[in-house]
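Hi,

Here is the structure I promised to pass on to you. Could you have a look at it first, and then read my notes below?

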Amino acid sequence: MPNLNQLTIRKAAEGLRKKKFSCEELLNDCLTAIGSRDGDIKAFVYVDEGGAFKAAREVDKRLKAGEDLPLLAGIPAGIKDIFNTKGVKTTCCSPILRDFVPPYDATVIEKLKDQHMVMLGKTNLDEFACGG
C-alpha cells in the first residue's frame, strides 16, 4: 500500500469506506509527513493534532456505525491561515493578529466541517494574502 498521505482524495475516501485503513491511520501518516518535512518547507504555521484526532475519531465512529458520509469525510487537509476558524488562532500570518482567535467560522470552514473534513492545521501565506 502506498503512503496514505499520497493518496488522492477519492482513493483515500474509498479506502476509508472499504475499511482498508482508519481515519486515524490516514491522519497519522499525514502528521508524520508534516513532522518530517515541514521544518524545511514551513508550509504550516499551526498544526492542530488534538483537534484533528478528535475529528478523525468521530469519522471513524460514524464509518463503523455504517453511516453514509460525504466524500470529504475523514480527509485530512490544511487550511490557509486567512480563513476564520472558530476557536483556532487565525493570524493571516500577520503580527497584528498574532493572538486573534475568531468566535465564528468562515463560510468555507462551515462547509468543510459539514463534510466532516479533518483539519490538520493552518498553512502559511503572504501576510493577509496580499502577495510578495
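**What I found**

His 116 lies in the loop between α4 and β3; helices here are DSSP runs of H or I with at least four residues, strands are runs of E with at least two, and both are numbered from the N terminus. His 116 is not a glycine, yet it has a positive phi of about 65 degrees. With a relative accessibility of 22%, His 116 counts as partly exposed, where buried means under 20% relative accessible area, exposed means over 50%, and partly exposed is in between (1.4 Å probe, protein chains only).

Before going further, please note that this is a predicted model, in which local features need pLDDT of at least 70 and side-chain atom pairs count only at pLDDT 80 or more, while totals for chains, interfaces and linings use all residues. Residues are numbered from 1 along each chain as its sequence is written, and side-chain values use heavy atoms, with hydrogens and water left out.

**Other positive phi angles**

Ala 129, in the segment after β3, also has a positive phi, of about 55 degrees, although it is not a glycine. Its relative accessibility of 49% makes Ala 129 partly exposed.

**Helices α1 and α2**

In α1 (9-17), the buried residues are Ala 12, Ala 13, Gly 15 and Leu 16. These lie on the same side of α1, because they cover an arc of only 160 degrees around the axis (the arc is that of the directions from the helix axis to the C-beta atoms). The buried residues of α1 pack against α2 and α3.

Helix α2 has 19 residues, 23-41, and should span 27 Å at 1.5 Å a residue; its end C-alpha atoms are 25 Å apart, which agrees. The expected span is 1.5 Å times one less than the number of residues. Where does α2 bend? The bend is at Gly 35 and amounts to about 35 degrees, taken as the angle between axes fitted to the seven residues ending there and the seven starting there.

Buried in α2 are Cys 23, Leu 26, Leu 27, Cys 30, Leu 31, Ala 33, Ile 34 and Asp 38. Their cover includes α1, β1 (44-47), α3 (49-64), β2 and β3 (118-123).

**The nonpolar cores**

A nonpolar core is a set of buried Ala, Val, Leu, Ile, Met, Phe, Trp, Tyr and Cys residues joined through side-chain atoms within 4.5 Å. The largest one has 22 residues, of which Leu 16, Cys 23, Leu 26, Leu 27, Leu 31 and Leu 120 touch the most other members. At least two residues of this core come from each of α1, α2, α3 and β3, and α2 gives the most, with 6 residues. Apart from this core lies another, of 6 residues, among them Ile 79, Ala 106, Met 117 and Met 119.

Leaving aside neighbours within four places in sequence, Leu 31 is in contact (heavy atoms within 4.5 Å) with Val 47, Glu 49, Phe 53 and Leu 120. In helix α3 you will find Ala 52, which is buried, with a relative accessible area of 0%. Not counting residues up to four places away in sequence, Ala 52 touches Leu 27, Val 118 and Met 119.

**The loop between β2 and α4**

Asp 105 is in the loop between β2 (76-80) and α4 (107-114), and Tyr 104 is found in that loop too. Are these two buried or exposed? Asp 105 counts as buried, at 14% relative accessibility, whereas Tyr 104 is partly exposed, with a relative accessible area of 47%.

The side chain of Asp 105 reaches the backbone nitrogen of Lys 86 at 2.6 Å. A polar contact of 2.9 Å also joins the side chains of Asp 105 and Lys 113; such a contact is a pair of N or O atoms within 3.5 Å, where within protein one must be able to donate a hydrogen and the other to accept it, and residues adjacent in sequence count only if both atoms are side-chain atoms. Beyond its neighbours within four places in sequence, Asp 105 is in contact with Asn 84, Thr 85, Lys 86, Glu 110 and Lys 113.

Tyr 104 touches Asn 84, Thr 85 and Lys 86, not counting residues up to four places away in sequence. From C-alpha to C-alpha, Tyr 104 and Thr 85 are 6.4 Å apart in space, while 19 residues apart in sequence.

Best wishes
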